[in-house]
Structures are given as structure tokens and as C-alpha cells.
Amino acid sequence: MASNIRRTEELASGLALAALGVAAGAVIVASHPLGTARQLGPGAMPALVALTLVLLGGVIAVRGLWERGHGEGIDLRAALRPAGLILGAILLFGGLVDTLGVVPASAVAVVGSALASRRTRKREIAALAAVLALAVPALFVGILGMPLKIWPAL
């Protein structure tokens, strides 16, 4: 079903960004104190980043409504599919990293994100998943010293 909205991709992307900012902001404000203007708390900067996401998402969505598109409108469902798959891969990573470890969760996130594009090839996906499955723990656990589980407990 074609839409009358001029730039459906931009509208969908803007709305997704704004929704992500609202969700992140709600979690941040509920779990971290913002502090005062004189003494900022640990939630102030993340809340500002979430607000920036909401504002940028709104600007992108409004541009999608006003600017001329490339001919006919496109199928809104087709435009939302990649954003939904990438967001799902991010959420899946967040849910799996504590139980499976960072290596399998990274590989699952890469494969899930790759499904958003119809042009990716299986070899490219496997190579990227392998590289990131090694690079993510090397960076975050090895270099930055973050206490992340690397592999699932056997």
C-alpha cells in the first residue's frame, strides 16, 4: 500500500529515533537522579542525550512530511522493517549479553541486524560476526576493563 507521505523513510526513521529517545529518557529519569543545575547528577548527561534523540527524531520526521520524495510514496511496512529488525537486534543483544556472554550476543546482534538489508551476503555476515565477536570483548573487557561475561557458563 503506497503512502501519500512524501518521504516515508525519513518519517519512519524520525519516529523510531524519537521513540528510542523517549524510552531511553524514561528509563534514565526513573533510575538515575538528574541532580540540580548547580550539582548535576549521574542521570543528567544521559537524559540530555535522550532529549537530543527526541529532538533530532522530530526534525527528521517533520522533514519527511514536508520535503518532496523520489516519485511515488513507498510502502510504510517496507520502510519500517529494517528499523524494526535493527532495533530488535539491539534489544536482543541487551537481553542476551548477561546470560550468553558478549561473544555470542555480539554475533547474534550482527546476524539480526544484517537481516534488515536484502543486499547482504552470507559470507559478509559471517565475517563481520566473527570479527565483532572477537573485537567487542577485546575492547570492552580487555582494554576498558568492563566486567562483562565473555562466554556462557558451561
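Accessible area here means what the Shrake-Rupley method gives with a 1.4 Å probe. On that basis, this chain has about 10600 Å² of accessible surface, and carbon and sulfur atoms hold 71% of it. Keep in mind that the model is predicted. What you're looking at is a helical chain, with five helices and zero strands.

**Overall picture**
- Reading from the N terminus, the elements go α-α-α-α-α.
- Of the 154 residues in the chain, 25% are buried.
- Take the contacts with a separation of 6 or more: 70% of them link residues 24 or more positions apart.

**Where H4 meets H5**
- Helix H4 covers residues 102-114 and helix H5 covers residues 122-143; the two pack at about 145°, and their axes lie 8 Å apart.
- The crossing of H4 past H5 is right-handed.
- On the H4 side, the contact is made by Val102, Val103, Ser106, Ala107, Val110, Val111 and Ala114.
- H5 answers with Ile125, Leu128, Ala129, Leu132, Ala133, Val136 and Pro137.

**A serine in that contact**
- Serine 106 sits in helix H4 and is one of the residues that H4 brings to the contact with H5.
- Once neighbours within four places in sequence are set aside, serine 106 touches Phe93, Leu132, Ala133 and Val136.
- Leu132, Ala133 and Val136 also turn up among the H5 residues of the helix contact.

**A nonpolar patch on the surface**
- Met45, Leu48, Val49, Leu51 and Leu55 make up a nonpolar surface patch, and together they have about 490 Å² of accessible area.
- Leucine 48, one of the patch residues, belongs to helix H2, which spans residues 44-66.
- Leucine 48 counts as partly exposed because its relative accessibility is 47%, and that class lies between 20% and 50%.

**The salt bridge**
- Side chains of opposite charge can pair when their charged atoms come close.
- The count for this model is one salt bridge.
- The partners are arginine 121 and glutamate 124, whose side chains meet at 2.8 Å, N to O; that is a salt bridge because the cut-off is 4 Å.
- Glutamate 124 comes in at 39% relative accessibility, which means it counts as partly exposed.

Key:
Residues numbered from 1 in each chain as written. Predicted model: local features only at pLDDT ≥ 70, side-chain atom pairs only at ≥ 80, totals over all residues. Heavy atoms only, no water. Patch = residues over 30% accessible without salt bridge, like charges linked within 9 Å, V, L, I, M, F, W, Y side chains within 5 Å. Helix = DSSP H or I, 4+ residues; strand = E, 2+ residues; numbered from the N terminus. Buried < 20%, exposed > 50% of the residue type's maximum accessible area, 1.4 Å probe, protein only. Axes fitted to C-alpha atoms, helices over the stretch in contact; angles between N-to-C directions. Left-handed = near helix turned anticlockwise from the far one by under 90°. Contact = heavy atoms within 4.5 Å.
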